[in-house]
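Biologist: Hi! Could you walk me through this chain while I have it open?
Modeller: Happy to, let's bring it up.

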Amino acid sequence: LDVSMDTWSYFRTCLVSIWLHRFYIYAVVALGISLWVVIQFTTTKTKKKVTEPGEKSSGNPTSSKGTEDKLVNGCATPQAKEVHVAGVKIFYGSQTGTAKRFAKALAEAVTSLNLPVEVINMRDYDPDDCLAEETTSGNICVFLVATYTDGQPTESAAWFCKWLEEAANDFRVGKTYLKGLRYAVFGLGNSVYVDHYNTVGRRMDRWLWMLSASRVMTRAEGDCNVAQSRHGSIEGDFEAWKAKFLTRLQALCRGEKKPCSGKCKKGKCKSPGKQSKESSDHEHGASEHENTEAEELFETSSEEEADAEEAGGTNSVIDVEDLGNIMGHMKKAKVLLLLWVGSGHVFATDHSSLFFALFSGYKLIGSHSGVKLCRWTKSMLRGRGGCYKHTFYGIESHRCMEATPSLACANKCVFCWRHHTNPVGTEWRWKMDQPEMILQEAIENHQNMIKQFRGVSGVKAARFEEALTVKHCALSLVGEPIMYPQINRFVRLLHQHSISSFLVTNAQFPEEIRSLEPVTQLYVSVDASTRESLRRIDRPLFKDFWQRFLDSLKALAEKEQRTVYRLTLVKAWNVDELKAYAELISLGKPDFIEVKGVTYCGESSASSLTMANVPWHEEVVGFVRDLAELLPDYEIACEHEHSNCLLLAHTKFKVDGEWFTWIDYERFQELVRERERSGGSRSFTAADYTARTPPWALFGARERGFDPLDVRFQRRNKARDISGC
């Protein structure tokens, strides 16, 4: 016992001593850490001073020997610890074979540097699948692209350029989608065609930059016009550029930082030591050239592009980048657009280019209509699955045309995936185009967009041929289609062309809903269940918006054909209003209720929505389960996990234990024709054109709504947020 007490006393004495001298201990520890930091900093700095002269000096035998161990022809060998350049991929788009010949010549030169190199025809490359992988591959991507007729890319590069343009201008694609990709562009053109000189190379350079790819050197341009070529021929231009590229490549292999940050303001690349104002003789057709250094002989800057496009007059194309130079700010562009449309102005050719800038990928029709290719159309063309309408209702997504006869809308919803670049209004104030013209041009534009997929890697030939014949029309592109005064004539024309109609309205025009003739399926967006939440989410323009909303739901209940509530869930905004939603459902008595998680479409000054407001799929499932418990006449019928969407269906569509949510489109067209022949006296109901829902589309199925005939594509690299119709 005495020994135990002595041990405890000794231990206690030590602890007390440590506590009393704790400040000295702290000081010693702090001093030790400080000394360690100083030593590390001094060592690193010394290494840098020793290494840099050895790299830069070729006259020092010791440093040269050390360099030889790590570099071969200026490039890192496999034995080096850090590989700065894994290889070079050379992409070419050629019509006459010049770009292909240049690509092979460049490949031979790169091979001499002991670097892996791959030459790729853009026709055989799928950027949607593979380009994002280059952000982490360590490769340098070189693009040799020719400008063909009317400033368009060659046939082999058409799809690659189309994809890149859409990705760069689509706010649903992340701004940093290609961050980490290093690239260089050499354009092939002919300055005889002043208005279109090297436009493809310039645009490709800009699109890559807009997606946060990094230039390893400024874009270069070759000229087939020997009288104007800076090196006497396009071959001379290429050889001069190739020499500089190889020098630059060797520097990159050594780990040297590139002189161009790749983040120059608005894509204007200004390398150190380069004059701010460069020669732009090609763009203005000048006949005299000065003898300057090699760098300035073939490089161009974005300032020249702007000058060239301004010189092009009304026929020039306005890029998104140039809107800032023309108007200073996007808001001014929107105001100007509203003034044009609001005054009943019909867009001319020069105005439509502005419109395209505001609505990337849209094809303008007349003065108030538009059409756009849905991403699900592209997906199903390639056998990668259809949209939720394919799962829920059996549409063929590759044969669906997304359009609108009215770009204007009476709401400014916080989750609008058009970012409010369309006009708004509470009544029709625009010069009206005839429905025949709208439909004809919509189909023609849609077919032209489909034709761009001819020969594209992965596109199924049979589906491509089918896609040229439109079978469905989703009137949900943008705006409020029901505002169009001739909407009934337009719908009749669709049916006369055997095209089914899916019309979406924002529940602010009850009288128009009542007077609407039968459509295949009529949607009402129910984005909130209370007056206050509707005001916050939809931000309607009508002062009596709530009464209009309720009246629209009552008008929907009077319809005999298929009706749908579309609920968009916004976390922390409208997911806690189950009972109120149930009351609205009893008011409109829809056949179906689609519940979809909101899709985040990027930052917007018009909305405070963030990724935090996007519910997980399981959260949407939980909401639908809880809602179904409050609705005795509805059950969960279908699920499309990929769209974060579920379908509640009225039990009248469940016959003998089987769901019939799909549509018999041929039968619908027959019923419409019978009604037409009877002068409208013969009507029909939603039950008259149903079809059995396949097992894979049902809720709880292993496929979770994905058609087993297709193959789901999982993006292996950076994901992007994309919404659909």
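**Salt bridges and beyond**

Modeller: Searching the whole structure turns up 33 salt bridges, where a salt bridge is a side-chain nitrogen of Lys or Arg within 4 Å of a carboxyl oxygen of Asp or Glu. This is a predicted model, so local features need pLDDT of at least 70 and side-chain atom pairs count only at pLDDT 80 or more, while totals for chains, interfaces and linings use all residues. Residues are numbered from 1 along each chain as its sequence is written, and side-chain values use heavy atoms, with hydrogens and water left out.

Biologist: Nice. What does Glu 235 pair with in a salt bridge?
Modeller: Its partner is Arg 101, at 3.6 Å from N to O. Glu 235 sits in helix H9 (residues 234–253) and Arg 101 in helix H4 (residues 98–111), so the pair ties together parts that are 134 residues apart in sequence. Helices (H or I, at least four residues) and strands (E, at least two) are DSSP runs, numbered from the N terminus.

Biologist: How accessible are Glu 235 and Arg 101?
Modeller: Glu 235 is partly exposed at 33% relative accessibility, and Arg 101 is partly exposed too, at 43%. The cut-offs are under 20% relative accessible area for buried, over 50% for exposed and partly exposed in between, with a 1.4 Å probe and protein chains only.

Biologist: And Glu 594 and Arg 566, buried or exposed?
Modeller: Both are buried. Their side chains meet in a salt bridge of 3.9 Å, N to O. The pair links distant parts of the chain, with Glu 594 in strand S16 (residues 592–597) and Arg 566 in strand S15 (residues 562–569), 28 residues apart.

Biologist: Which residue does Asp 591 form a salt bridge with?
Modeller: That would be Lys 652, with the closest N and O atoms 2.9 Å apart. Asp 591 is in the loop between helix H24 (578–588) and S16, and Lys 652 is in the loop between strand S18 (645–650) and strand S19 (654–655), 61 residues away. Asp 591 counts as buried, at 5% relative accessibility.

Biologist: Switching topic: which residues have the most contacts inside the largest nonpolar core?
Modeller: Phe 143 and Leu 164, in a core of 102 residues. It draws at least three residues from each of domain 1 (87–254) and domain 2 (352–697), with bounds from an automatic or database domain assignment. A nonpolar core here is a set of buried Ala, Val, Leu, Ile, Met, Phe, Trp, Tyr and Cys residues joined through side-chain atoms within 4.5 Å.

Biologist: What does Leu 164 touch?
Modeller: Beyond residues up to four places away in sequence, its contacts include Leu 131, Met 204 and Trp 207. Contact means heavy atoms within 4.5 Å.

Biologist: One more spot. Where is Gly 385 found?
Modeller: In the loop between helix H16 (375–381) and helix H17 (388–393). Gly 385 counts as buried, with 0% relative accessibility. Gly 705 is 320 residues away from Gly 385 in sequence, yet the two are 9.7 Å apart in space, C-alpha to C-alpha. Gly 385 also touches Phe 706 and Asp 710, among others.

Biologist: And how much of the whole chain is buried?
Modeller: Buried residues make up 54% of the 725 residues. As for secondary structure, the chain has 26 helices and 22 strands.
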